[in-house]
Amino acid sequence: MKKPFFGVIKSLAALAVLAFPAQAAKQSYNDAAMGAARWIETNSIKANQGIVWASNPEDPKTVDTTLFAGTPGPVLFLLETYRYTGDRAYLERAQQGADALLASVSDKDDTGLYTGLAGSGFTLGEAYLITHDRRYRDGALRCVRWIEEKAQKTPDGTKWNDATDIISGSSGTGLFLLWAADHLHAPDARQLAVRAGEHLISIGERATGGGLKWTMDKSYPFEMPNFCHGTAGVAYFLATLYQATGRKEFLNAALAGAKYLISIANVTSQYFLVYHDNKNSHLFYLDWAHGPAGTAALFYRLYQITKENRWMELVEKCAAATRIFGGPEKAFTTIPPGSARTLTVWRNGKPNEVANPGVWRNDSVCDGIAGESEFFYNVYVVSHHRKWLEIAKEGSDQLLKLADVNDGAYRWVQVETFVRPDYAIAQTGYMQGASGIGLWLLHFSAVLAGEHRPVITFPDNPFPY
């Protein structure tokens with residue numbers, strides 16, 4: 001999800017129209033996106049100050065304010081749906097959700113991008129940018145102020161907790177602060193992000209094979225090197241800090257992180273991917289969270305900075321890995337295929353062996369088909385290689401087939417984690433639910449129809465539309 005790149009969108013969308021029947025493609029994806037909006041509206045819950053959403057509509061206790069699973073996802077999706085349709089009913093519902101978020105966000109919340117104040121601040125900030133209602137800007141800046149108040153000074157910078165990562169740690173929070181500085185002119189936000197980056201450099205671990213690595217936090221015994229919880233995400237934040245400040249130490253640390261990832265990767269002349277975690281070195285996710293679809297963001301950011309072709313080559317190798325091992329339909333694989341009958345997971349404070357399910361049905365942005373399809377489209381945009389566009393369409397068509405449709409309302413029933421293969425539910429939120437899937441289908445339908453539209457840009461996404 002990106003900010004407006006109107007010239008790029010116009011030219012690339014024209015190529016897309018040549019490749020596919022534009023109007024038919026637009027209509028089918030657009031119908032599904034509108035159907036997702038209908039299902040989300042149907043499952044809203046009245047609150048004192050507006051409306052909220054439970055991540056699982058069958059369990060009202062799952063209402064929360066996180067960008068990962070809670071009310072922010074539907075708010076962003078409905079805001080975007082309003083911009084794409086002009087239907088003020090979507091705007092009114094989005095504002096009701098933003099009003100409830102404004103009333104619910106608290107200085108007691110944690111600071112994470114997908115778990116707390118940074119995600120709430122981003123959502124309220126986008127609500128301001130689209131509606132021009134200054135209450136939302138004030139709310140977003142309040143989140144920035146609370147993040148600043150909760151900052152903990154360290155000998156070398158600033159942190160908020162022991163997490164380093166994109167989801168709940170300093171990297172994600174820092175990316176939001178850079179976004180707030182750029183889009184809301186938040187005072188001191190950029191400098192606070194700089195201090196977070198300085199701290200992350202100081203705690204980076206020298207790797208045996210060269211480079212720097214970061215674990216999610218010291219208390220978690222598994223190292224997960226990819227984007228959402230590991231080195232790839234931290235290095236991406238540091239590279240983005242270099243873009244914002246020009247300070248060479250941030251670029252050097254980001255390059256050291258990339259060097260480490262390359263040293264542990266399963267890489268050939270065709271593909272590049274890094275294992276899920278160091279306790280399961282034979283397990284490879286293909287997705288945004290723990291796979292090449294997310295880690296490629298670091299390589300593309302380094303390409304933007306250095307213009308060195310080696311980074312773009314790694315972006316395409318990440319896409320090739322996702323495809324070769326079964327994406328966008330598959331979420332994970334083992335190498336060699338079928339090599340692990342059991343996998344090690346951390347549960348109840350200790351490692352446990354669980355059966356390898358072999359197949360994991362996930363449709364979402366975080367772990368599944370929507371996120372992988374968007375990734376393939378992103379790679380098409382930056383490489384101009386049409387095969388990636390065709391694969392993005394293949395994944396999007398699969399989303400249409402997998403939708404559970406009732407009276408025009410679309411939802412996706414899926415398994416969030418393979419550790420609980422029997423627990424399949426339909427969710428409303430961004431990362432694992434209909435809001436994220438709907439956003440992707442909304443954007444893709446417009447692109448294929450040759451329409452250039454503004455696109456909500458998440459703070460952790462470097463790709464243009």
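Student: What makes up the accessible surface of the chain?
Tutor: The accessible surface comes to about 17,400 Å², and 48% of that belongs to carbon and sulfur atoms. Areas of this kind come from the Shrake-Rupley method with a 1.4 Å probe; for residues, only the protein chains shown count as cover.

Student: What should I keep in mind about the model and its numbering?
Tutor: The model is predicted, so local features need pLDDT of at least 70 and side-chain atom pairs count only at pLDDT 80 or more, while totals for chains, interfaces and linings use all residues. Residues are numbered from 1 along each chain as its sequence is written, and side-chain values use heavy atoms, with hydrogens and water left out.

Student: Why is the chain called as compact as a globular protein of its length?
Tutor: Start with the elements: the chain has 15 helices and 16 strands. Helices (H or I, at least four residues) and strands (E, at least two) are DSSP runs, numbered from the N terminus. The radius of gyration is 21 Å, close to the 23 Å that the globule rule gives for 465 residues, so the chain is as compact as a globular protein of that length. That radius is taken over C-alpha atoms, and the rule is 2.2 Å times the number of residues to the power 0.38. Along its principal axes the C-alpha trace spans about 55 × 50 × 50 Å.

Student: How many of the residues are buried, as a percentage?
Tutor: Buried residues make up 61% of the 465. The word means under 20% relative accessible area; exposed means over 50%, and partly exposed is in between (1.4 Å probe, protein chains only).

Student: Why is L241 called buried?
Tutor: L241 has a relative accessible area of 0%, which is under 20%, so L241 is buried. L241 is in helix α9 (residues 231-245). Leaving aside neighbours within four places in sequence, the contacts of L241 (heavy atoms within 4.5 Å) are L178, A193, V194, G197, G246 and F250.

Student: Why is D188 called exposed?
Tutor: The relative accessible area of D188 is 52%, which is over 50%, so D188 is exposed. D188 lies in the loop between α7 (170-184) and α8 (189-203).

Student: Which residues does a cis peptide bond join, with omega about 5°?
Tutor: That bond joins G327 and P328. P328 is in the loop between α12 (309-324) and β10 (332-334). The bond from I335 to P336 is cis too, with omega near -5°.

Student: Why is α15 called largely enclosed?
Tutor: In α15, 15 of the 15 residues are buried, so this helix is largely enclosed by the rest of the structure. Helix α15 (residues 434-448) reaches 21 Å from its first C-alpha to its last, close to the 21 Å expected at 1.5 Å a residue. The expected span is 1.5 Å times one less than the number of residues.
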